[in-house]
Amino acid sequence: MEYLAYIPSPSRGVIHLGPIPLRGYAFCIIIGVFVAVWLGNRRWIARGGRAGTVADIAVWAVPFGLVGGRLYHVITDYELYFSEGRDWVDAFKVWQGGLGIWGAIAVGALGAWIGCRRRGIPLPAYADAIAPGIAFAQAIGRWGNWFNQELYGRETHLPWALHITSSEGGRVPGYYHPTFLYESLWCIGVGFLVIWADRRFKLGHGRAFALYVAAYCVGRGWIEYMRVDDAHHILGLRLNDWTAMIVFLLAVLYIVLSAKKRPGREAVVEPTVSDGEADGTGDAAEAAEAEEASGAEVSEAEASEAEAEAEHEGEAKDGAEAEDEAKAKDEAGSATKKS
């Protein structure tokens, strides 16, 4: 059958710059992380936090998230690496694809907790700030699957069908539902939903993050159902469908209970931050204060020195006058004797 329109797959997912491989999958992950940190930083400052805090904590969260995402994938698809005829070393080849979002979020949250604890910051407030950024990062990261020609759905004749050309790893060339694109668009919608809801309802204490989780799970459920790649099934449903349902219920339950127990939003998200530090002028203000204080000290010292000199001059003058007066008295006494 001749297709009038379709989404082409890249002829290759890696370009070599000399001996250095530049992989499309890795670039998508890196760009997604930068977007999440940039947007999270803006939202954190708007909540009263210090500029740079999001990036500092991301130094902990991102590596933990990558490890967690890979662990989830390897554990749930262990047969791809540890069954007969497979090489277990491939489990470490992250650049070939295979990051489970469930593990990335769970273990990444552990890394974020460590970073937050070191700075005395409540993790729920930090999670609320970065929630939409994570959704946008996922949207960008899913295009890494396009470079690897993976995560597609059933065959279709729709004009936006994805043309798979690779036959590696059991793939069958053909035209399929671009489930990576569906999930990417869904994540963009989730990111904007969280931003709108956070502004409208002033979400706090982790509820913005829980909304992101719940909304993502809804989309992941129907998108996962369309995929045709190998996966474990429980009662006829793919494992990730069950995970999405359980996590969705937990996220909704958290929103309900949290709203009752801690309504509103945190008044302070970074206790050590002053108003000047929050808008990036703290250092300049501190320097100005120090300079002013130093100038005042110098002025006081100069005034004290001038006062001491004046007193010394006054004492010297008084002494001279007393000496002249005594001399005059002596001369008067001598004159009296002579007369």
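Predicted model: local features only at pLDDT ≥ 70, side-chain atom pairs only at ≥ 80, totals over all residues.

Mentor: Let's begin with the largest nonpolar core, which has 37 residues. Trp44, Trp102, Tyr126, Val194, Phe209 and Tyr212 touch the most other members. Helices H2, H4, H5, H7, H8 and H9 each supply at least two residues of this core.

Trainee: What else is there apart from that core?

Mentor: Another core of eight residues lies apart from it, and Trp146, Tyr152, Tyr176 and Leu181 are among them.

Trainee: Back to Trp44, then. Which residues is Trp44 in contact with, leaving aside neighbours within four places in sequence?

Mentor: The list is Gly49, Arg50, Thr53, Val54, Ile121, Ala125, Tyr126, Ala129, Val269 and Glu270.

Trainee: Tyr126 turns up there too. Why is the pair of Trp44 and Tyr126 called edge-to-face?

Mentor: Check the distance, then the angle. The ring centres are 6.1 Å apart, and the cut-off for a pair is 6.5 Å, so the two rings pair.

Trainee: Why is Cys116 called buried?

Mentor: Its relative accessible area is 1%, and buried means under 20%, so Cys116 qualifies. Cys28, at 9%, passes by that cut-off as well. As for disulfides, the structure holds zero.

Trainee: What makes helix H5 mostly covered?

Mentor: Count the buried residues: 16 of its 19. H5 (residues 123-141) also bends by about 45° at Ile130, with Pro132 following within four residues.

Trainee: Last one: how do you know that S2 and S3 pair?

Mentor: Four bridges join S2 (residues 14-17) to S3 (residues 20-23), and pairing takes at least two bridges, so these strands pair. They run antiparallel, and the bridge partner of His16 is Pro21 in S3. S2 and S3 form a hairpin with two residues between them, and Gly18 in the turn has a positive phi of about 70°.

Methods. Residues numbered from 1 in each chain as written. Heavy atoms only, no water. Bend = angle between axes of the 7 residues up to and from the residue. Buried < 20%, exposed > 50% of the residue type's maximum accessible area, 1.4 Å probe, protein only. Core = buried A, V, L, I, M, F, W, Y, C linked by side-chain atoms within 4.5 Å. Contact = heavy atoms within 4.5 Å. Disulfide = S-S within 2.5 Å. Phe/Tyr/Trp six-rings, centres within 6.5 Å; stacked < 30°, edge-to-face > 60°.
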